[in-house]
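Here is a note for a colleague who is opening this model for the first time. Please keep the structure in view while reading the points.

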Amino acid sequence: MDHRLVSTILALLLSLSQAHELVDLGSEDEIQIEDPDDLDITTRILQSNNGSSEMLMEGDLVISNTRNAMNCWNKQCLWRKSSNGLVEVPYTVSHTFSYYAKKRIENAMKTFKTETCIRFVPRSSQIDFISIENRDGCYSFLGRTGGKQIVSLARYGCVYHGIIQHELKHALGFYHEHTRSDRDQYVKINWENVAPNTIYNFQTQDTNNLNTPYDYTSIMHYGRTAFSTNGMDTITPIPNPNQSIGQRANLSRGDILRIKKLYSCWRELLNDYRCRTAGAEDKVIDQDIIAKRSAEKIKPHYNERNLYVTV
């Protein structure tokens with residue numbers, strides 16, 4: 001083939017490629033399912049939030065007048081439940097996220113759908129909604145604040161499965177596990193290792209713990225060296241100091257249980273949990289009982305001595 005013809009064709013192809021904007025499918029590191037670094041969730045979040053322009057409490061909570069949804073007045077900071085028993089949380093996702101980043105956000109939301117009555121739904125015209133944006137870190141408001149509220153997931157550093165779920169749980173109204181009102185029974189705060197200007201991040205909150213046990217495996221639990229001034233542990237589990245904390249792989253069973261109890265996901269509680277009475281053997285709730293309760297609209301109650309639904 002004539003060399004001049006080949007050169008002309010190549011030049012034409014080059015001009016065409018420059019004339020059309022390429023679609024951003026995301027870099028290879030955005031496609032990874034798991035975060036490759038062996039860092040606990042707090043270290044990853046604090047690294048991403050270093051230099052953020054937001055005033056943050058506990059590392060990733062945007063300061064506002066909103067109270068803890070687990071103890072808020074008249075439940076005004078909870079997302080509202082529909083007549084069908086589902087809690088819809090409208091959301092938008094910034095166009096600055098790549099296709100793969102958006103898919104990862106959607107995948108992180110799926111656990112809430114499959115395990116609880118929470119449904120993150122694309123916003124149409126709802127007034128209250130979360131806006132997931134590519135800002136300067138990983139952070140969220142606490143509970144429903146009214147109107148548009150930001151959930152920031154910096155494209156590089158925050159768009160990982162566990163971190164997305166962590167920030168979404170904040171938006172549902174949950175503090176970090178280590179600030180539970182009963183935390184001193186389960187972890188020791190090594191104040192000598194805490195940076196003086198970050199001590200406020202370890203204050204306990206006036207939480208309603210929903211009759212659930214302290215959860216070392218919660219996606220909301222700080223890692224051992226959170227806000228450390230010298231690299232040494234700031235949080236030590238008790239009585240077992242070797243207990244792992246700070247995982248960022250997925251919602252724990254305790255995380256899921258608390259969501260169900262806070263938002264009264266009765267159907268999911270009945271379907272997923274065994275009923276237990278003191279001194280009796282476990283028994284699976286019969287489907288006829290579930291149907292009967294649904295028809296009579298009778299809500300189950302909780303045995304104060306355990307976490308299981310009783311009939």
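**Pockets, cavities and helix packing**

1. Start with the second largest pocket. It has 14 lining residues, and Leu46, Asn49, Asn50, Gly59 and Phe227 are the ones nearest its centre. On a 1 Å grid over the protein atoms alone, a pocket is an open set of points with protein on both sides within 12 Å along at least five of seven lines, and lining residues have an atom within 4 Å of a point. The second largest pocket holds about 280 Å³ of space. Volume here is the space filled by probe spheres set on the points, with grid points joined across faces, edges and corners.

2. A word on the source. This is a predicted model, in which local features need pLDDT of at least 70 and side-chain atom pairs count only at pLDDT 80 or more, while totals for chains, interfaces and linings use all residues. Residues are numbered from 1 along each chain as its sequence is written, and side-chain values use heavy atoms, leaving out hydrogens and water.

3. Which helix gives the largest share of the lining of the second largest pocket? H3 does, with 3 residues. By class, this lining has 4 nonpolar, 8 polar and 2 charged residues. Nonpolar means Ala, Val, Leu, Ile, Met, Phe, Trp, Tyr, Cys and Pro; charged means Asp, Glu, Lys and Arg; the others, Gly among them, are polar.

4. The structure holds 2 cavities of 30 Å³ or more. A cavity is a set of grid points where a 1.4 Å probe fits but cannot get out. The second largest cavity has about 50 Å³ of space. Its lining includes Ile41, Thr42, Glu58, Asp60, His166, His176 and His221. Helix H3 (residues 41-49) gives the largest share, 4 residues. The classes in this lining are 4 nonpolar, 5 polar and 2 charged.

5. Glu58, a lining residue of that cavity, deserves a look. Its phi is near 60°, a positive value in a residue other than glycine. Glu58 sits in the loop between strand S1 (56-57) and strand S2 (61-62). Helices (H or I, at least four residues) and strands (E, at least two) are DSSP runs, numbered from the N terminus.

6. H3 also packs on H5. Their axes come within 11 Å and cross at roughly 80°. That makes H3 roughly perpendicular to H5. Axes are lines fitted to C-alpha atoms, for helices over the stretch in contact, and angles run from 0 to 180 degrees between N-to-C directions. Angles of 65 to 115 degrees count as roughly perpendicular; under 35 is roughly parallel, over 145 roughly antiparallel, and the rest oblique. Ile41, Arg44 and Ile45 in H3 meet Gly162, Ile163, His166 and Glu167 in H5. Contact means heavy atoms within 4.5 Å.

7. H4 packs on helix H5 (residues 161-172) at about 60°, with the axes 9 Å apart. The two helices are therefore oblique to each other. The contact of H4 with H5 has 7 nonpolar, 4 polar and 2 charged residues.

8. How do H4 (residues 99-115) and H6 (residues 253-262) cross? Their axes come within 10 Å and cross at roughly 60°. H4 and H6 are therefore oblique. Thr111, Phe112 and Glu115 in H4 meet Arg253, Ile256, Ile259 and Lys260 in H6. These residues divide into 3 nonpolar, 1 polar and 3 charged.

9. Last, check the backbone at Pro239. The peptide bond from Ile238 to Pro239 is cis, with omega near 5°. Pro239 lies in the loop between strand S9 (235-237) and H6. Most peptide bonds are trans.
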